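Me: I would like to learn how to read packing and charge pairing in a protein model. Could you take me through the features one at a time?

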Amino acid sequence: MSFADLKKQSSLGSLTSKLVKEVEKMSNTSSGADERLWKPEMDKTGNGFAVIRFLPAPEGEELPWAKLYTHAFQGPGGWYIENSLTTLGQKDPVSEHNRELWNSGSDKDKETVRKQKRKLSYYSNIYVVKDPVNPQNEGKVFLFKYGKKIFDKIMASMQPEFEDETPINPFDFWQGANFKLKIRKVDGYWNYDKSEFESQSPLLSDDDAMEAIWKKQYSLVEVVAPTQFKTYEQLENRLKMVLGQKSSSRPRFDEEVEDEDNDRGSYTPDFSSRSQKSELPEDLSDQLSSLSSSKSDEDEDDALSYFSRLANE
C-alpha cells in the first residue's frame, strides 16, 4: 500500500472498519481458551447443573486422572502463575521459600505462606451427558479440571464409609455411574457439596460406541509431562522478580487463575478392565487405604498442618 492509498483509506474510514473486523475475528477464534477443557456454567438462577461421566484411563496410560500442583499469587513485582515442580517430586523454589518463611516464627510470614501455598488440581477425561447451558457439548469428550472436593467424592464412591453402601469404580464404562454436578454460590465461591453419583449403570448400551468414545480421550500423562514445567532456575528467577528482588520479563497471562475450593499419588489401579458389580478389583481396597493414609502429606489445603510438619523436619 502506498502512502497515497493510506491517506485515501483514512479519509474513507475504511481502515477503522477493517481493524474492528480483525478484532472481532480475534475475539471469536483466538480467545486462547483450551477447547479440550469443559467447564460448567451457572444458569440464570445463579446455580449450575450438569451430568458428566468420568472415563477410564486413556489407551496406553494407567491412571484416569492427572494430579497437578500450581502456584498463583501476586507480589510487588507482578503475578507468579506457574506449575510446581513438586508435582514431579522435585524441589520447587516457592515451596523452599515458603518453608523458610514458615520457620521464621513470624505470624506475618505465616500469612504470606498461606497466600503463596500450592494449589491442587486434578484432570480427567469426561463424557458430557447433560449440559443445559451449553447443550452442544452433550455427547462429547472433554478434559475436566476439578479440585479436592470432587476428588474426595470419587474416592468415597470407591471406598464407601458404611457397610450397606456398594463400592463402585466411577471410571468404569459398564459398572460406573454418572456424576450429577451441582454448583451453588456460597460466600461468593462456587460450592460443590451437593454433587453426587447416580446409581450404577453402563454409559451406553453399545460397546462399539463406548470404544469410539475411549479412543477420543486426551492424554493425561501429557498434562504433567516434564515439558509442562519450567526449570528450577527459571522458576527461581521468576520468583525473585515477583518478590521484587530482581528484574525479569513481564508475566504471562495465558493461564486462567481459578480457585475452586482453595484448593492427584502412587496408586495405579487398572481402570480399563471391567469390575465386578459388587466389588472392586482384588487389591483395590488395600491400595485405596494406602492412598488415603498419605493424603495429608500430599494435600496442602490446610497450610497450617503442612508447614508445621515442615518446621519439624
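Me: Which residues have the most contacts inside the largest nonpolar core, and how many residues does that core have?

Reply: Bear in mind that this is a predicted model. A nonpolar core is read as a set of buried nonpolar residues joined through side-chain atoms within 4.5 Å. Here the largest such core has 27 residues, and those with the most contacts inside it are Trp38, Phe54, Phe144, Tyr146 and Ile150.

Me: What does Trp38 touch, leaving out residues up to four places away in sequence?

Reply: With those residues set aside, Trp38 touches Ala50, Ile52, Ile126, Val128, Asp131, Asn137, Phe142, Leu143, Phe144 and Leu181.

Me: Turning to charge, how many salt bridges are there?

Reply: The general idea is that side chains of opposite charge can pair when their charged atoms come close. In this model the count comes to eight salt bridges. One of them joins Asp34 to Arg36, with the closest N and O atoms 2.7 Å apart; Asp34 is partly exposed at 31% relative accessibility, and Arg36 is partly exposed as well, with a relative accessible area of 32%.

Me: Which residue meets Glu59 in a salt bridge, and are the two buried or exposed?

Reply: Glu59 meets Lys215 in a salt bridge, at 3.8 Å from N to O. Because Glu59 lies in the loop between strand E2 (48-54) and strand E3 (66-75), while Lys215 belongs to helix H6 (residues 207-215), the pair ties together parts that are 156 residues apart in sequence. Both Glu59 and Lys215 are exposed.

Me: How many residues apart are Arg114 and Glu111 in helix H4?

Reply: Arg114 and Glu111 form a salt bridge at 3.6 Å, N to O. They are three residues apart in helix H4 (residues 107-116), so about one helical turn separates them. Arg114 is partly exposed, at a relative accessible area of 32%, and Glu111 is likewise partly exposed, at 38%.

Me: Which residues are linked in a network of salt bridges?

Reply: Such a network links Lys180, Lys182 and Glu196.

Notes. Residues are numbered from 1 along each chain as its sequence is written. This is a predicted model: local features need pLDDT of at least 70, side-chain atom pairs count only at pLDDT 80 or more; totals for chains, interfaces and linings use all residues. Side-chain values use heavy atoms; hydrogens and water are left out. A salt bridge is a side-chain nitrogen of Lys or Arg within 4 Å of a carboxyl oxygen of Asp or Glu. Buried means under 20% relative accessible area, exposed over 50%, partly exposed in between (1.4 Å probe, protein chains only). Helices (H or I, at least four residues) and strands (E, at least two) are DSSP runs, numbered from the N terminus. Contact means heavy atoms within 4.5 Å.
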